[in-house]
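Please read the following note alongside the sequence and the structure.

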Amino acid sequence: VPLVGRALGVVERWEEVRREITAAVPEEGAFLFLHPVTRRRTHRHHVARRLRGYGVEAGVPADTLEQLTPHKFRHRRAQMLLDAGEDLLTVQEVMD
């Protein structure tokens, strides 16, 4: 699912906020999702739980909710880059 419009704006804003947080806690800089209170990395099962919750709120069918995982988002991002014409080495670098 491509990020466009409001969703893209939210992710871009989050990246700005995350840079501010990681300036204070540099060892957490490699992680996209940081806990809003502890400012430490958020574990994948917490992110997965949140994704499923958002899916329920959005009315996503129950059989599809099982597929809402951070890992699936990672794979989708890689596929989007490849579909956009990025070479495999660039995709690998972005995903590392």
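**Note on the structure**

1. The protein contains five helices and zero strands; here helices (H or I, at least four residues) and strands (E, at least two) are DSSP runs, numbered from the N terminus. Along the sequence, the pattern reads α-α-α-α-α.

2. The model is a predicted one, in which local features need pLDDT of at least 70 and side-chain atom pairs count only at pLDDT 80 or more, whereas totals for chains, interfaces and linings use all residues. Residues are numbered from 1 along each chain as its sequence is written, and side-chain values use heavy atoms, with hydrogens and water left out.

3. Of the 96 residues in the protein, 19% are buried. Buried means under 20% relative accessible area, exposed means over 50%, and partly exposed lies in between (1.4 Å probe, protein chains only). The protein exposes about 7,700 Å², of which carbon and sulfur atoms supply 57%; these areas come from the Shrake-Rupley method with a 1.4 Å probe.

4. Among contacts (heavy atoms within 4.5 Å) between residues at least 6 apart in sequence, 9% join residues at least 24 apart.

5. Helix α2 comprises the 14 residues 44-57, which should span 20 Å at 1.5 Å a residue; its end C-alpha atoms are 20 Å apart, in agreement with that value. The expected span is 1.5 Å times one less than the number of residues.

6. Which residues of α2 are buried? They are V47, A48, L51 and G55. These residues lie on the same side of α2, because they cover an arc of only 100 degrees around the axis, the arc being that of the directions from the helix axis to the C-beta atoms. The cover over the buried residues of α2 includes α3 (62-65) and α4 (70-83). On the face turned away from the buried side, α2 carries the exposed residues R49, R50, V56 and E57.

7. Y54 also belongs to helix α2 and is partly exposed, with a relative accessible area of 47%. Just after α2, G59 adopts a positive phi of about 80 degrees.

8. The structure holds one salt bridge, defined as a side-chain nitrogen of Lys or Arg within 4 Å of a carboxyl oxygen of Asp or Glu. It joins the side chains of R13 and E16 (3.1 Å, N to O). Both residues lie in helix α1 (residues 5-24), three residues apart, about one turn of the helix. An α-helix has 3.6 residues a turn, so residues three or four places apart point the same way. R13 is partly exposed, at 44% relative accessible area, and E16 is partly exposed, at 38%.
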